[in-house]
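Me: I would like to learn how to read some features off a model. Please take them one at a time, with the general idea and then the case at hand.

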Amino acid sequence: MNNELIKLAERIGKDLAELHKGDTISALWPFTVNDTGFYLGDGLCRDLLDTLKEVPIEKAAKIMKYPSKIIGYTTYLNGCNLSNEEKNELASKLFGIVKLIRKDPFCENKLNIFNEEFVDKNLFDVELKESNLIGTNKLSFLLFMYLELIYPTSMRLGYEFHGPYEYNGNKLWIKEYHNLKNPFLPKTEDFPFEKIIIIECISSYPKVDIYNHLLEPLTKISSSIIVDGNKNVDIKEVTEKIENAFTKISKELEYFDRKDWLELFAIGLFNSYYPLKKELGKEFIVPEKVLQKIKEEDYRFDVSKAKKANADAHLVDLEVMISEGFKKAFGVGS
Amino acid sequence: MDFEDASIACPGKVTGVVRFVRSLEDVSKINEGDIVITNNNSPLFSIAFMKSGGILSQVGGNLCHLAIVSREMNKPCLVGIENIFERINDGSRATLNATEKTLIEENE
């Protein structure tokens, strides 16, 4: 496994270097992953490790389902206070889960295709129409923006794009938007749906990185949607409901300050693996230490400094620096 | 006006009225088809982005969230443009050619 973790660190280094070189960091809102790492990293890694010690990874894979959010958790190993052995154990378990779900767990070929037992073929049996495309494109936009409100900096906690899958002569790209509404998540009570799946018939090949960022636009032929399991829905009606809910929720969040956003994100992050704890009969809770840290400490990652450092560095050097950091985080670095 | 420093988030061409969006108050002033100029990719500005015909952002790169959603909507979009507000006139009518990385104002 250690060799695989080294390879994973190198893959992450490659993908993140591209991201950072492209100045994504200056656009992150309302804070960076480094900021969330400071406040939440320790608490998350400890809680996740304790939970995964009690759930076999085969079961965890079936419960968690979405590999991108699991890869996202590995970021929090950077700078957390777990011992080297514990970091290695957590990284191994998380990547072990991803290997079960993804055919190519490293996304080396820029694809995110699930292993057969994790593919719900019921999603393929939908009525695809070209006339749906304008509606589903707008829906994709709205849902992505909504996820950015409820899971700021880590929207992959609420979406997974995967495929393509061949079905009836079509190439299908599956866009699952999940955990959109949850009694534990503040500000989601007015959102009308829990899960929306957009199925797109495409002619080009999708390219995603290991974090499920779509790297290039797709050529779409037709599309369909499934809303909370229902295939017979009016896309326009669904979009209008979401647009109204989004506008209302946005207004409520206009007065949020930084600490409010941090607390909202903390709840979303710890809730994202709550199904594992529920399996163990445990309650949902954000550790008090985490909430105290948010209340009492004022850490701000220096974005300007990072932006300059990223701009000045060669891509290859950036890649090596990030990879080495992740190797250390996974307990396989020197 | 050429934006050599910009990244093309989504190619394409659109003509419309340029509108600066720097605060939430500015969001309500956007009409359908306006070309939005912004320094903030916050989702709280989403309604402006959705109504816009095209977007130019001071911040971000090709993989920033605004870039990704502009590709979903097939909306011409350039990101990472330094000093953008000094280079363009608010309220002018212009054509954004994101493919060529240009914005031509009608009085140019």
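Me: Which residues of H4(A) are buried?

Reply: This is a predicted model, and buried here means under 20% relative accessible area. In H4(A) the buried residues are A:Pro67, A:Ser68, A:Lys69, A:Ile70, A:Ile71, A:Gly72, A:Tyr73 and A:Thr74. Eight of the eight residues of H4(A) are buried, so the helix is largely enclosed by the rest of the structure.

Me: What are the buried residues of H3(A), and where do they lie around the axis?

Reply: In helix H3 of chain A, residues 57–64, they are A:Ala60, A:Ala61 and A:Met64. These cover an arc of only 100° around the axis, which puts them on the same side of H3(A). As for partners, the buried residues of H3(A) pack against H2 (33–52), H4 (67–74), H5 (84–101) and H9 (274–279) of chain A.

Me: What is the phi of the residue that follows H3(A)?

Reply: The general idea comes before the value. Most residues other than glycine have a negative phi, and most peptide bonds are trans. A:Lys65 follows H3(A) with a positive phi, near 65°. A:Thr153 also has a positive phi, near 75°, and sits in the loop between H6 (133–150) and S1 of chain A. With a relative accessible area of 6%, A:Thr153 is buried. For A:Lys187 phi is positive as well, near 70°; its place is the loop between S2 (170–177) and S3 (196–202) of chain A.

Me: Which residues does a cis peptide bond join?

Reply: The bond joins A:Gly163 and A:Pro164, with omega about 5°. A:Pro164 belongs to strand S1 of chain A, residues 159–167.

Me: How many aromatic pairs does a search of the whole structure find?

Reply: Over all chains the search finds 19 aromatic pairs. Take A:Tyr159 and A:Phe161: the ring centres are 4.6 Å apart and the planes are at 45°, so this pair is tilted. Another tilted pair is A:Phe270 with A:Tyr273, at 6.3 Å centre to centre and 45° between the planes. A:Tyr159 and A:Phe161 are both buried, and A:Phe270 and A:Tyr273 are both buried too.

Me: Which residues form one aromatic cluster?

Reply: A:Phe144, A:Tyr159, A:Phe161, A:Trp173 and A:Tyr177 form one cluster.

Me: Which lysines lie over the face of a ring?

Reply: Here one reads the distance to the ring centre. A:Lys7 lies over the face of A:Phe106, at 4.4 Å from the ring centre. A:Lys293 lies over the face of A:Phe38, at 4.3 Å from the ring centre.

Me: How much space lies in the largest pocket, and which residues are the closest to its centre?

Reply: Rolling a probe the size of a water molecule over the atoms shows where empty space is left. In this model the largest pocket holds about 890 Å³ of space. It is lined by 34 residues, and the closest to its centre are A:Leu16, A:His20, A:Val33, A:Asn34 and A:Thr75.

Me: Which helix gives the most to the lining of the largest pocket?

Reply: H12(A) gives the most, with five residues. At least two residues of the lining come from each of H1 (2–21), H2, H4, H11 (303–312) and H12 (315–329) of chain A.

Me: Is A:Asp15 buried or exposed, and what is it in contact with beyond its neighbours within four places in sequence?

Reply: A:Asp15, in helix H1 of chain A, counts as buried at 3% relative accessibility. Leaving those neighbours aside, A:Asp15 is in contact with A:Lys110, A:Asp209 and A:Ile210. A:Asp15 and A:Val208 are 193 residues apart in sequence, while their C-alpha atoms are 9.7 Å apart in space.

Me: Is A:Asn81 buried or exposed?

Reply: A:Asn81 is exposed, with a relative accessible area of 62%. This residue lies in the loop between H4 and H5 of chain A.

Me: Where in chain B does B:Thr102 lie, and what is it in contact with?

Reply: B:Thr102 lies in strand S7 of chain B, residues 102–105, and is buried, with a relative accessible area of 14%. Apart from neighbours within four places in sequence, B:Thr102 is in contact with B:Met1, B:Asp2, B:Phe3, B:Thr95, B:Leu96 and B:Asn97.

Technical notes: Residues are numbered from 1 along each chain as its sequence is written. Chains are lettered from A and ligands numbered from 1 in the order in which they are written. This is a predicted model: local features need pLDDT of at least 70, side-chain atom pairs count only at pLDDT 80 or more; totals for chains, interfaces and linings use all residues. Side-chain values use heavy atoms; hydrogens and water are left out. Buried means under 20% relative accessible area, exposed over 50%, partly exposed in between (1.4 Å probe, protein chains only). Helices (H or I, at least four residues) and strands (E, at least two) are DSSP runs, numbered from the N terminus. The arc is that of the directions from the helix axis to the C-beta atoms. Contact means heavy atoms within 4.5 Å. Rings of Phe, Tyr and Trp (its six-membered ring) pair if their centres lie within 6.5 Å; planes under 30 degrees apart count as stacked, over 60 as edge-to-face and the rest as tilted. A charge sits over a ring if NZ of Lys or CZ of Arg is within 6 Å of the ring centre and within 35 degrees of the ring normal. On a 1 Å grid over the protein atoms alone, a cavity is a set of points where a 1.4 Å probe fits but cannot get out, and a pocket is an open set with protein on both sides within 12 Å along at least five of seven lines; lining residues have an atom within 4 Å of a point. Grid points are joined across faces, edges and corners, and a volume is the space filled by probe spheres set on the points.
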